[in-house]
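Work through the exercises below with the structure in view. Try each task before reading its solution.

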Amino acid sequence: MSFSFFSENMSTELTGLFVEKPTENITAVAAKVDSTTLTRKPTMKWLKGKWLDLVSKAGKHMQFKETYDRNTKVCIYTYEMKIIKAKVGDAGAYRCEVTAKDKCDSSSFEISVEGEDAGEDDGDLDFKAWHCLKKVKEEPVIDVWELLKSAHPSEYEKIAFEYGITDLRGMLKRLKKMKVVEPKHCEAFLKRLESCYSVEKGKKIVLRCEVVDPDVPVKWLKNGQEIKPSAKYIMEANGNVRTLTINKTSLADDAAYECVVGEDKCFTEIFVKEPPVTITKLMDDYHVVVGERVEFEVEVSEEGAHVMWSDIELVKDKDSTKYRFKKDGRKHTLIIQEATLDDIGMYHAWTNGGHTKGELEVEEKQLEVLQDIADLTVRATDQALFKCEVSDDKVTGKWFKDGVEVLPTERIKMTHIGRYKDKLIYSNVFLGYLSKDQTHLELFCLYVDYVPRQDPPKIHLDTTGNMVSQNTIIVVAGNKLRLDVEITGEPAPTVVWSKGDQVKATEGRMRVEARKDLSCFVIEGAEREDEGNYTICVNNPAGEDKAMLFVKIVDVPDPPENVRCTSVGEDCASIIWDPPVFDGGAPLKGYLMERKKKGSSRWTKLNFDVYEASTYEAKRMIEGVMYEMRVFAINSIGMSQPSLTSKAFMPIAATSEPIRLTVHDVTDNTCTLKWLAPEKIGAGGLDGYLIEYCKEGGTEWEVANQELCQRQGYVVRGLPVGEKVNFRVKAVNIAGHSPPAVLSQAVTIREIMEYPKIRLPRELRTKYIRKVGEKINLTIPFQGKPRPVATWYKDGQPIDPKMVNVRNSNVDTILFIREAEREHSGTYELVLQIENMEDRASLILRIVDKPGPPLKMKVTDVWGFNAALEWDPPKDDGNCEIIGYTIQKADMKTKEWFTVYEHNRRTNCTASDLIMGNEYMFRVYSENLCGLSEEAGVSKNTAVIAKTGVFTPYKEKDTSCMPKFTQPLVDRSIVAGYSTTISCSVKGYPKPKIVWMKNKMIIGQDPKFLMRNNQGVLTLNIRKPGTFDGGKYSCMAVNDLGTDEVECKLDVRGKRG
């Protein structure tokens, strides 16, 4: 098997993350990635073709390797792919992709394999690869995916085998994603959401779409979960536009969003860009000696940011305790406890938006002898002690005697204690000889009084940790404070802690604990009263040292004060409060507000993000409901107790402006305004109206009414003549003034001449009839300017004020009669005059009374059991028409009166069915609109029904006659809905049978029609006729002698309007 290049080898310019890209046409492929700017380890993928992930193929045939070069200061990752015993099937296009969080890079390369004749022992034959190679040689390059997309699913397996695709399941998944899905026709959206949105962290973003139906509700989903409205998510609907506003975006808002209308949806995705974290304070270089503490400090632009430290040794020993990493807000610190020569080098700090470095130089400490060896003279057999002190307590020494090293023995002891490094102790010492012959030994006894070294005391304060500034310590109330202060000095100094003049004890809640080289000051459960200046004083014979510490106790703030409502609206209220008296020792971050309905115990949060101002407008309230508010203060320690509940308040809106403001009248110094009530009044009701006026061109409005006007009209007085004045009207209630209703143009204050005009009511345009004794009150409106003069006349003469009362006003005149009399009847005329202009109107007033008795009542004929009667009309008809007569009879024996006829219209009649042998007298009453006459006309003679002793046959007079209509029906036109009557009269004997017909159809017993027959007067009453009741009506009279018929046409008109 041999290898050949598929294409020419050419150099490629390096871009992106790759330091070295894979080389084509080799079986061992390597790629190098520079991770200097990456905050996390990169991820590498090896792909063959467009989709096949080679990780699943790892084994003996294909191997992958990842290495990291720790010997260089640049972070380089090396990724290798090896193909063992390459086959023809391994030829093709390859790609490697490297990703690290939001960064990505890729590189493509190709491998070609050429086959040779293989012997029996050359390995297994790969017929599939040979087949693929043959295809490559014989046919042009074909895009397999385009071929699969256009092929039938039944051919997928054949094409996969032909082109060497073995992962059929992966092929189907890839093919499903590649197929283009025809977009579903959208019926609900006019404009969909954009495919994606990008926003920086902390910024606001608005998602906007348009729907077809402006009234349809929509739902917003985030990763399939419905979003509820809040201070962060604001949903708005304006006509067809639907918007979702996301305030202060965070990385949690990086998600997929949907807008749902019914069953239709539109999708989008939001990408939140995290701003790069920059380094605001660079790292300093350090030059220290061995054993000193080193602190590399950097400051970044954002709290909680990730900072990566890098150094050769730091990477190696990252799990050791030598290095400490400290985060304090935006400050990041690398601490090396004890520097050594191995720590020399360059230290780096990286963020995703910056880089800094600092150099550390470490030199050896110069050794200094603080206490030299003193000469000693001791007695023989006594102990000799040599002692010295050096500057470094870790340095050991060697002892020499006359240039020869002294080694420890049973007689010679060596010790190392602190800086008093070495002690050399001799037991049974013989020190030298004075003479050469050694015959004389001179012993000296020397006592040396050794005074130890004295160091003045020193207080070493650690200014890191909870110290915000030099000598200031912050403690949260309720927490424990333990302050360890390092004390040095020889001999050990005495330590005294005090606050003011009070010395702190060694026991109790606030106490002092002593340890070796340390003084511990402890406060259990810090309280606000513990805040103040504390003094630590140390002294020993060598001197004294003092230090002052300020302990600051921080706590949650006090509750806000004086929470109150300053103004209300229809569904909102403005709330204001005073900051807390004590802020807890830390700056206030803001406030949280809650509200509840009065009488309820359930509080509702109004804001979820901290609100900084001390005024707030609460919204989405119900008008007319009492609410209460409370406020919490927040600082860096926590949230305060709630404030006292505010006084209850009610959201009430002012009314809308009054409508239809018009000028009703104008004189030389007045203007009459009229208007209608506001369309919207609300729960606050309406207390009245305020009228204001202002001269044209002016800006100062003057109030016309000192007290609220309760009516919907007002006369503004005291206006300047000839001036142009603007007017406006406001409605007032408990919530305040409404917007003003303003006249469209200024009004000129001047009397307007208007012709006089009498508005005579319709009922007075015909005869006005009233009964004697009734009260008459006639109001006749008129118009005209200036005020017209109204004068009444009766029958051409001025009326007598003793008989008729007249009262006149600006707009009408009233004619009043307390008790009407007959003499009040006549023609009345109203004359309306303005200078030389006038208008006239007349009305006829008729006062009616009961009529007088009929005259000349007499019996004109008697036959059989009948009597004929006649009379004359009354002399006094009561000032109105006689509508009929009532005839009564009385037997002369009993003299009891019985009515014979009522409503008889003629002045004669026939009394029938009289009793034989009786004598009758008769009387008659006249009748008009007022009723029957008070007196009756009595007949002067009587009717005697003769009684014969011998019966003689009575020859009855033949009075039979066929029916004959004496009064026909008359055509009529009526209005629908108003009852009407048609009538006629008929004579005939025997009494004819009456039949009413409509359009030749017998009416019968229809309850809509009422038929009457009174002494031959026939009436048909039609109750509330409709248009369908029109037509031809006929009346037919039938008896044994014949038939007669009359007809008329009835036209029914529909109502107007």
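**Exercise 1: A residue and a distant partner**

V554 is part of strand β42, which covers residues 543-554. The model is a predicted one.

Task: Decide whether V554 is buried or exposed, and state how far V554 lies from S636 in sequence and in space.

Solution. 
Step 1. Buried means under 20% relative accessible area.
Step 2. V554 has a relative accessible area of 3%, so V554 is buried.
Step 3. Between V554 and S636 there are 82 residues in sequence and 9.3 Å in space, taken from C-alpha to C-alpha.

**Exercise 2: A sheet of three strands**

Task: Give the strand order of the open sheet that contains β67, β68 and β71, and name its edge strands.

Solution. 
Step 1. The order is β67-β68-β71, and the pairing is antiparallel.
Step 2. The edge strands are β67 (855-863) and β71 (908-911), since each pairs on one side only.
Step 3. On average, neighbouring strands of this sheet are turned by 20° against each other, direction ignored.
Step 4. Strand β68, residues 866-872, pairs with β71 in the antiparallel sense over 4 bridges. L869 stands opposite C909 in β71.
Step 5. Strand β67 also holds M857. M857 is buried, with a relative accessible area of 2%. M857 and R923 are 66 residues apart in sequence, while their C-alpha atoms are 7.3 Å apart in space.

**Exercise 3: Aromatic pairs**

Task: Classify the ring pairs Y286 with F296 and W577 with Y591.

Solution. 
Step 1. A search of the whole structure gives 14 aromatic pairs.
Step 2. Ring planes over 60 degrees apart count as edge-to-face.
Step 3. The ring centres of Y286 and F296 are 5.1 Å apart and the planes are at 80°, so this pair is edge-to-face.
Step 4. Y286 lies in strand β20 (residues 286-289) and F296 in strand β21 (residues 294-300), so the pair ties together parts that are 10 residues apart in sequence.
Step 5. Y286 is partly exposed at a relative accessible area of 28%, whereas F296 is buried at 0%.
Step 6. The ring centres of W577 and Y591 are 5.3 Å apart and the planes are at 70°, so this pair is edge-to-face.
Step 7. W577 is in strand β44 (residues 573-578) and Y591 in strand β45 (residues 588-597), 14 residues apart. Both W577 and Y591 are buried.
Step 8. Elsewhere, ring pairs link W46, F64, Y94 and F109 into a cluster.

**Exercise 4: Salt bridges**

Task: Locate the partners of the salt bridge between D253 and K232, and state which residues are linked with R482 and D484 in a network.

Solution. 
Step 1. The whole structure contains 33 salt bridges.
Step 2. In the bridge between D253 and K232, the closest N and O atoms are 3.0 Å apart.
Step 3. D253 lies in the loop between β16 (241-246) and β17 (256-261), and K232 in the loop between β14 (225-226) and β15 (233-238), so the pair ties together parts that are 21 residues apart in sequence.
Step 4. D253 is buried, with a relative accessible area of 1%, but K232 is partly exposed, with 22%.
Step 5. R482 and D484 meet in a salt bridge through their side chains, at 3.7 Å from N to O. R482 is partly exposed at 32% relative accessibility, and D484 is partly exposed at 38%.
Step 6. Salt bridges link K480, R482, D484, R511, E513 and E524 in a network.

Note on methods
Residues are numbered from 1 along each chain as its sequence is written. Side-chain values use heavy atoms; hydrogens and water are left out. Two strands pair if DSSP finds at least two bridges between them. Helices (H or I, at least four residues) and strands (E, at least two) are DSSP runs, numbered from the N terminus. Axes are lines fitted to C-alpha atoms, for helices over the stretch in contact, and angles run from 0 to 180 degrees between N-to-C directions. Rings of Phe, Tyr and Trp (its six-membered ring) pair if their centres lie within 6.5 Å; planes under 30 degrees apart count as stacked, over 60 as edge-to-face and the rest as tilted. Buried means under 20% relative accessible area, exposed over 50%, partly exposed in between (1.4 Å probe, protein chains only). A salt bridge is a side-chain nitrogen of Lys or Arg within 4 Å of a carboxyl oxygen of Asp or Glu.
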